[in-house]
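Hi there,

Here is the structure I promised to pass on to you. Please have it open while you read my notes.

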Amino acid sequence: MDYFKTRRTIRRYSDRPLSDELIADMLDKAIHAPTCGSMQLYSVVVTRSDEGKSALAPAHFNQPCLTGAQAVLTFCADFNRFTRWCEQRGADPGFDNVQSFISAALDATILAQQFVTIAEMNGLGTCYLGTTSWNAPMIIDALSLPELVVPVITVTVGYPAESPEVQPRLPVSAFIHTEKYNPNSSERIDSMYGEFENLPANRAYVTENKKDSLAHVFTDVRYPREANEHFSHIFTEMLRKAGFLAEKA
């Protein structure tokens with residue numbers, strides 16, 4: 001059980017081969033994760049070639065962990081397959097909407113985490129790439145994703161070539177609410193975030209970015225409003241083109 005408190009994100013991978021058979025076996029185990037209505041509303045594109053990784057790299061801002069990984073797995077919310085099945089059986093599918101996208105996105109997310117856990121228990125290292133939703137249209141083009149298929153999560157995987165420090169987390173008391181949501185008073189916020197803010201690495205992060213606080217680093221540097229609104233617009237338009245925001249007559 002120590003695994004869960006000591007797991008690390010791995011961004012540097014060795015040249016040790018990772019077989020197609022092991023990837024398939026891990027995915028075969030991962031698909032037993034919970035899924036909405038047992039519909040399995042996901043697909044996974046496994047990218048291993050240098051050409052394939054090069055095609056994906058710009059969408060992920062050319063992060064070295066992508067090109068250096070043994071495999072890149074793009075977990076997609078997929079209602080295309082299920083819709084085709086319904087149509088071929090004479091059923092009338094109604095999945096071109098936000099609710100259906102959310103169901104499929106949750107399926108893909110749960111599958112991805114199940115895969116990551118299985119991979120790491122097999123001695124592999126993994127890294128989630130949060131850039132997937134930012135540049136989803138580029139990924140759709142690179143992977144030739146059809147209508148009603150949207151990339152949700154990208155995971156790089158390979159045998160570790162590093163052993164980074166375990167990243168700190170807020171205390172579990174910050175997330176537990178009994179019966180109802182407990183208001184976050186100023187005192188509670190200070191208590192929850194104080195230790196995190198005072199970590200040497202985070203204090204250095206504030207100094208390097210010439211900001212007044214760690215919160216300013218997040219709001220002004222890492223995730224500024226302009227970027228959030230920009231990528232929100234891109235993602236919304238992508239959902240429209242993918243068929244999840246169909247215009248109704």
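First, the ground rules. This is a predicted model, in which local features need pLDDT of at least 70 and side-chain atom pairs count only at pLDDT 80 or more, while totals for chains, interfaces and linings use all residues. Residues are numbered from 1 along each chain as its sequence is written, and side-chain values use heavy atoms, with hydrogens and water left out.

**The sheet**

Helices (H or I, at least four residues) and strands (E, at least two) are DSSP runs, numbered from the N terminus. Four strands form an open sheet in the order β1-β2-β4-β3, with antiparallel pairing; two strands pair if DSSP finds at least two bridges between them. At the edges are β1 (42–47) and β3 (125–129), each pairing on one side only. From one strand to the next, the twist averages 25 degrees. Helix α6 (residues 98–121) packs on this sheet and touches β1, β2, β3 and β4 (149–158). The direction of α6 makes about 155 degrees with that of β2 (axes are lines fitted to C-alpha atoms, for helices over the stretch in contact, and angles run from 0 to 180 degrees between N-to-C directions).

How many bridges join β1 and β2? There are six, in the antiparallel sense, and β2 covers residues 71–78. Serine 43 has cysteine 76 in β2 as its bridge partner.

Threonine 74 is also found in β2. Is threonine 74 buried or exposed? Its relative accessible area is 0%, so threonine 74 is buried (buried means under 20% relative accessible area, exposed over 50%, partly exposed in between, with a 1.4 Å probe and protein chains only). Leaving aside neighbours within four places in sequence, threonine 74 has contacts that include Ser43, Val45, Ile139 and Ile153; contact means heavy atoms within 4.5 Å.

**The cores**

A nonpolar core is a set of buried Ala, Val, Leu, Ile, Met, Phe, Trp, Tyr and Cys residues joined through side-chain atoms within 4.5 Å. The largest one has 33 residues, and Phe79, Phe101 and Val150 are among those with the most contacts inside it. Elements giving two or more residues to this core include β2, α6, β4 and α11 (225–242). Apart from it lies another core of 22 residues, among them Leu22 and Ala108.

**The rings**

Rings of Phe, Tyr and Trp (its six-membered ring) pair if their centres lie within 6.5 Å; planes under 30 degrees apart count as stacked, over 60 as edge-to-face and the rest as tilted. The count comes to 12 aromatic pairs. Phenylalanine 82 and phenylalanine 95 have ring centres 5.7 Å apart and planes at 65 degrees, so this pair is edge-to-face. Phenylalanine 82 is in helix α5 and phenylalanine 95 in the loop between α5 and α6, 13 residues apart. With 17% relative accessibility, phenylalanine 82 counts as buried. Elsewhere, ring pairs link Phe61, Trp134, Phe218, Tyr223 and Phe231 into a cluster.

Tyrosine 205 sits in helix α9 (residues 200–208) and is partly exposed, at 28% relative accessible area. Phenylalanine 175 lies in the loop between β4 and α8 (186–197) and counts as exposed, at 53% relative accessibility.

Enjoy looking around!
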